[in-house]
Amino acid sequence: MKATLNNVFALGILALACQTAYGKTIEYTTDIAVVGGGSVGLAAAVTGAEAGAKVIVVEKNPYLGGSSNFAEGLFAVESDYQRAKSYGLTRDQAYEHIMEYSHFKNDGAIEREFVDESADNLRWLNKHGVDFEVVQISPKEPETWHLIKNREHFVHGAALVTALQEHAEKDGVQFLMRTPANTLIYENGKVTGVKAKDHKGNDIVIHAKAVIIGTGGFGNSPEKIDKWTHFDGKDFKPTLPLNKTGDGIEMGREIGAAHEGETLMLHPGTDGKGIIPLGNIYTMTWQPANMWVNAHGNRFVDETVAFSFAHAGNAIGRQKGHYAWAIFDDAELQHAKNDGVDNGVGVLVPVMTKLKNIDTEIKNALAAKSESFKSASSIEQLAKAIDVPVANLKHAYDSYNLAATTHYDEAFNKDRMWTRPLNHGHLYAVKLMPYHFTSVGGLRINTQMSVVNTDDNPIKGLYAGGNDVGGIYSDTYTLWASGHAFGFATYSGRKAAQNALEYIKTGK
Amino acid sequence: MKLITIAFSMSLLILSGSSIAQAQEFQWQAYHLKNGVKCQNCHGADTQAAVKNSSCLACHGSYNELAQKTKDMQQNPHMSPHFENLECSSCHSSHTQLTNFCQNCHGPIVRDAKFSKIK
């Protein structure tokens, strides 16, 4: 009897131990540890594994790919796809333009190599099952945007992510999901691994010969936006909830890495009662033929800036209260509904999409008394509805309609192609606000994707890429080189892995 | 002796009590237990270990097969155009109520209760 009781007792203790085993430490040893399973991490993992290295990827989300799942195209120049269309932009021309665009605040050497190797990057992806179609993102940008073709049921960036994921799985890459990394192991001037915590509360310690960081920036942390950029994290909102909180940048900075250029890849958008994200009303915020006014009721820009989303975000973001209104009439509404939109929201809503639900969406937004969508039968009424000075809005409106008639916009030189009179039927106003697809800028790197310290010396064993690094952009995302961020993420992931392999082999 | 009794009841509580009491509260786990699926069948020897997709799919079939079962849904969560092998437990956390991960971006997603095995 006593023996039985003792056994039960022992069993009880065992059960207690099992059930309360929080803080258990699980150790791994590998060649390369990758922090973040997005397109940087996957490109790095596949490159490493194909060269025979053992690779472990830690990913904090329950899915791989991060924002790359929702991005759509990659920058390249002198690509096979451009060659096939007899498109003649050269690497030298693109490089010069990008440097000029960035005011030489970016790293010329990194940019030069990236542009030079951008076509090769697509070839590598192509070999790994990713196919492209090159297009212009808008009339204002050159034809450098290589849209990813859908693969099976995977769309946009997910077609690229899943292609690399399948290669990585086949090559034996180990994925630790829902396991956010928190600390780099830094001993004797070298990074020798990374610590993380899984969602069960276990401590994960990965001993690695090299660590590659690609956590996608800090766009989902309003605190870090406040701290690291000049933007207000409350008013400049992320497009998607992707849990990107600057973990990789933070970990690098903690061991003395230099950092630079933290900013946001802005774009216009809207949200509010009765408004569907990326729905028909939302799509109207990207249209070039609307009239835009700020909180004073004044026009402030050539509205075709809508074609270049990063610039449009800047223009809206600098207005009082960080917002503006896009005004259109029934003729523009019918145009969007029957002829299709003049500007796509990327290819999430492709150009020429007919906004078939716009009437219903407008009805719902008005019924919900949306704070972001208003309608009126005169410009005076509309001024009241959007709470701007009537005289200013009336002046802006009359001048705009005059410009539409004379085909000359004296105020902002808007092209007559997109300057159409707004005097048909009802007037509508949708609130424009700045959002961001991702943050850019972060850890300072060299051309090897080695993270450097404040003396510009590489931190041994530590590499980073994609939107966790600085030196790639100036204050504004280079939309001219459409697809730059996605192109650079895959390129830098591969480059980081190639250099990590070399470092593991030679110690250099 | 009293100590042993306390230990004994504590053991019982820990062995059966906490997991089953929770299971009654959390219906999906109860459904597993009722059908003879024990903690270790999913977790392995260590109940603190994360449940891998392979554990779920070993019984439930592939993602493609699961997609057939939820094809009535407007946004079929087992046929995501964005993610391959999304962690099963992002929706089926088992110890808590079922959630639809897709809702984070796609807004409320509801499914007719007639499809549920739990009445």
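Student: Which residues does Val173(A) touch, not counting residues up to four places away in sequence?

Tutor: Two residues are in contact if their C-beta atoms, placed from the backbone, lie within 7 Å. By that rule Val173(A) touches Ala45(A), Ala49(A), Val55(A), Val57(A) and Ala168(A). Take Ala45(A): it sits 128 residues from Val173(A) in sequence, yet the two are 6.8 Å apart in space, C-alpha to C-alpha.

Student: How should I take the numbering and the model itself?

Tutor: Residues are numbered from 1 along each chain as its sequence is written, and chains are lettered from A and ligands numbered from 1 in the order in which they are written. This is a predicted model: local features need pLDDT of at least 70, side-chain atom pairs count only at pLDDT 80 or more, and totals for chains, interfaces and linings use all residues.

Student: Is Val173(A) buried or exposed?

Tutor: A residue is buried if 20 or more other C-beta atoms lie within 10 Å of its own, exposed if 12 or fewer, and partly exposed in between. Val173(A) counts as buried because 26 other C-beta atoms are within 10 Å. Helices (H or I, at least four residues) and strands (E, at least two) are DSSP runs, numbered from the N terminus; Val173(A) lies in the loop between helix H6 (157-170) and strand E6 (174-176) of chain A.

Student: What about the largest nonpolar core, and which residues have the most contacts inside it?

Tutor: In soluble globular proteins, nonpolar side chains tend to be buried together. A nonpolar core here is a set of buried Ala, Val, Leu, Ile, Met, Phe, Trp, Tyr and Cys residues joined through C-beta atoms within 7 Å. The largest has 155 residues, and Val211(A) and Ile212(A) have the most contacts inside it. Domain bounds come from an automatic or database domain assignment, and this core takes at least three residues from each of domain 1 (26-258 + 444-506) and domain 2 (265-435) of chain A. Leaving aside neighbours within four places in sequence, the contacts of Val211(A) include Ala33(A), Leu184(A) and Leu462(A).

Student: And how many helices and strands does chain B have?

Tutor: Chain B has six helices and zero strands, giving the pattern α-α-α-α-α-α along the sequence. Of its 119 residues, 13% count as buried. Among contacts in chain B with a separation of 6 or more, 38% join residues 24 or more positions apart.
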